[in-house]
Amino acid sequence: MRRFLQRHVSQIALSPSLALIAIFLYGFIAYTAAVSTTNSKAFPRFDNFVGLEQYWRLFHTPRWHVAFTNMFLFGGLFLLVTISLGLVIAILIDQRIRAESFFRSIVMYPMAMSFVVTGIIWQWLLNPTLGIEVMVHQLGFTSFRLDWLTNPDTVIWALVVAAFWQGCGLVMALFLAGLRGIDEDIWKAAAVDGIPAWRVYVFIVIPMLAPVFLTVVVLLSLSIVRAFDLVVALTNGGPGVSSDLPSVFMFDMAFRRTNLGLSAASAVVMLCTVLAILIPYLYAETRERA
Amino acid sequence: MSAPTDAMPRPARSGWLTSRRSKAILKRTVLYLLLALVAFFFAGPLYILLSTSFKTMPEIQSGGLMSLPHEPTAQAWVTAWGEACIGITCGGLKGYFGNSMVMTIPAVLISVMIGAINGYALAKWPFPGARFVFAALVAGNFVPFQVVLAPVAVTLRTLGLFGSVEGLVLIHVIYGIPITTMLFRNFFLSVPNDLIKAARIDGAGFFWIFFRIVLPLSPSVIVVALILQFTGIWNDFLFAVSFSNPSSAPMTVALNNLVNSNFGVKEYNVHMAATVIAAAPTLILYILLGRYFLRGMTAGAVKG
């Protein structure tokens, strides 16, 4: 007995975690997938199998359409803004500046805060009667309008700017680490040849950062699919449902509208979206190493 | 970049050199202007948050978003902490701050301990299938937690833990396993195997080696894991809003209820003070331990 324990101590130490993850992760994913094939309302029931009907219903629900489209719209804009500005800020900080750590810390501190806090801050700044709009009016530009939070057509920008404010630090840090990893000799050679710095960045340095771009895109995409707290705190999906996202839809259906079957179907679609991002990435990573 | 020209003797009336010099100065000026703009964009909101929290409501309504408070008052802070109405109770945030602490501290300590043991077992006591076990555990980092919300709610109800702080601790511990395991396993791979082999030849066991050799070699990864878990659990909203009730709600939920409630007059100064209180613990960690913080965030960015 003692010998058995000693020989398998590693597996024994891991088994509680493995059991918990097997149940709470894989078991529960299977459970949700099973619920999504039933007509469950307030409580999960398995005696009313409806096949894929919930998925059919999901994609015929106008609100889900808004939420699902928003995910791509918000995601695309957020990726574009955060990656381009994150890279530019990293390049600015990489110019052997004074007080580098000061600037780095300022760009990165929002990461420490919860999305609820970020959402509330930007709700305040974008408030048309008290926030930035009034400040600009008082500076004399009285025709300035910043009605993102009340305009269904532009509300997505409110999410983008708040998510950028929170997420830029990480992207900047990853790019900065990438820039620091580039061989100094490239810069020396370019200087000898008299190539202007911007051309070195565009044609040599940025292509060399391709792996960093890949990592950043995957990390941000995962966070886009999961985005929840920011929307709840900043717009609560409004005006109307114009800034709804899949996570908010899922939550509403599960906990407020007591439509567990439909909610489960939306959660499974979210999981599939993550897998669609992740599987090609992991495939590329493992091929690269092999 | 501009430094070397200083050392050169400047030929009189040489237009070429002065223009190159002024060009370099211009470049630096533009660079620092852009950086100042960046700093303003990121730091401005925090400044506005703080200055608004010390203003009175009439002053807020008169505009002046960027101005310092004319007559700074801590009244909004007192209200936010002890008097503000959240839902139907009017006891301020202090109870919820307590809930968050009582939830976060045990959840962080337990999940970091479990992750350390798992990571050590996987990295230093490998067995057939260890790689598969690692992959199965770590895949949990990528799963959007929406897909487990409903079954977790059912499970917590069955266990009688729904709506309790203990239930939230349990959930945070379980779903913290993937990230802490990954963090420790990757770090422990760098601990030399010879040390462990030597100790095993001397008859040392699994836990003796863990506590006497491996842990003392890894204070930095422990700090990173503690910060990462503290930030993640303190800031969590999804689990908190799904599985808590009004008496066990953590800060994030209470703050959202306070600010986004549709009842009563909106006291913006109180909202801002409450927001600072909610952000303070993790911000302080960031200020004190920024270096470890970044390492944790890059490792933790994958997780939900």
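Author: Residues 132-154 of chain B have end C-alpha atoms 29 Å apart, and the span is 57% helix and 0% strand. Helices (H or I, at least four residues) and strands (E, at least two) are DSSP runs, numbered from the N terminus. This is a predicted model, in which local features need pLDDT of at least 70, side-chain atom pairs count only at pLDDT 80 or more, and totals for chains, interfaces and linings use all residues. Residues are numbered from 1 along each chain as its sequence is written, while chains are lettered from A and ligands numbered from 1 in the order in which they are written.

Reader: Which UniProt annotation covers residues 132-154 of chain B?

Author: The record also lists residues 30-50, 101-120, 160-184, 205-228 and 268-289 of chain B under this annotation, from an unreviewed entry. UniProt positions are given in the numbering used here, feature names are shortened, and annotations may be inferred rather than shown by experiment. One of these stretches, residues 205-228, is 79% helix and 0% strand, with end C-alpha atoms 30 Å apart. The annotation is "transmembrane region".

Reader: Which element gives the largest share of the side of domain 1 that touches domain 2 in chain B?

Author: The domain assignment, automatic or from a database, gives domain 1 (4-82) and domain 2 (94-300). Their C-alpha centres lie 36 Å apart, and 14 residues of domain 1 are in contact (C-beta atoms, placed from the backbone, within 7 Å) with 11 residues of domain 2. Elements giving two or more residues to the domain 1 side are α2 (15-53), α3 (57-61) and α4 (75-82) of chain B. The largest share, 6 residues, comes from α4(B).

Reader: Is B:Val253 buried or exposed?

Author: B:Val253 sits in helix α13 (residues 251-259) of chain B. Leaving aside neighbours within four places in sequence, B:Val253 is in contact with B:Phe237, B:Ala240, B:Val241 and B:Ser244. A residue counts as buried if 20 or more other C-beta atoms, placed from the backbone, lie within 10 Å of its own, exposed if 12 or fewer, and partly exposed in between. With 26 such atoms within 10 Å, B:Val253 is buried.

Reader: Which helix of chain A gives the most to the side that touches chain B?

Author: In total, 71 residues of chain A are in contact with 65 residues of chain B. The chain A side has 57 nonpolar, 12 polar and 2 charged residues, where Ala, Val, Leu, Ile, Met, Phe, Trp, Tyr, Cys and Pro count as nonpolar, Asp, Glu, Lys and Arg as charged, and the others, Gly among them, as polar. With 16 residues, the helix that gives the most is α2 (residues 9-35).

Reader: What ipTM does the predictor give the complex?

Author: Chain B averages a pLDDT (the predictor's confidence in each residue, from 0 to 100) of 89, and 92% of the residues score at least 70. Over residues 1-14 of chain B, though, the pLDDT is below 50. For the complex, the pTM is 0.91 and the ipTM is 0.92.

Methods:
Contact = placed C-beta atoms within 7 Å.
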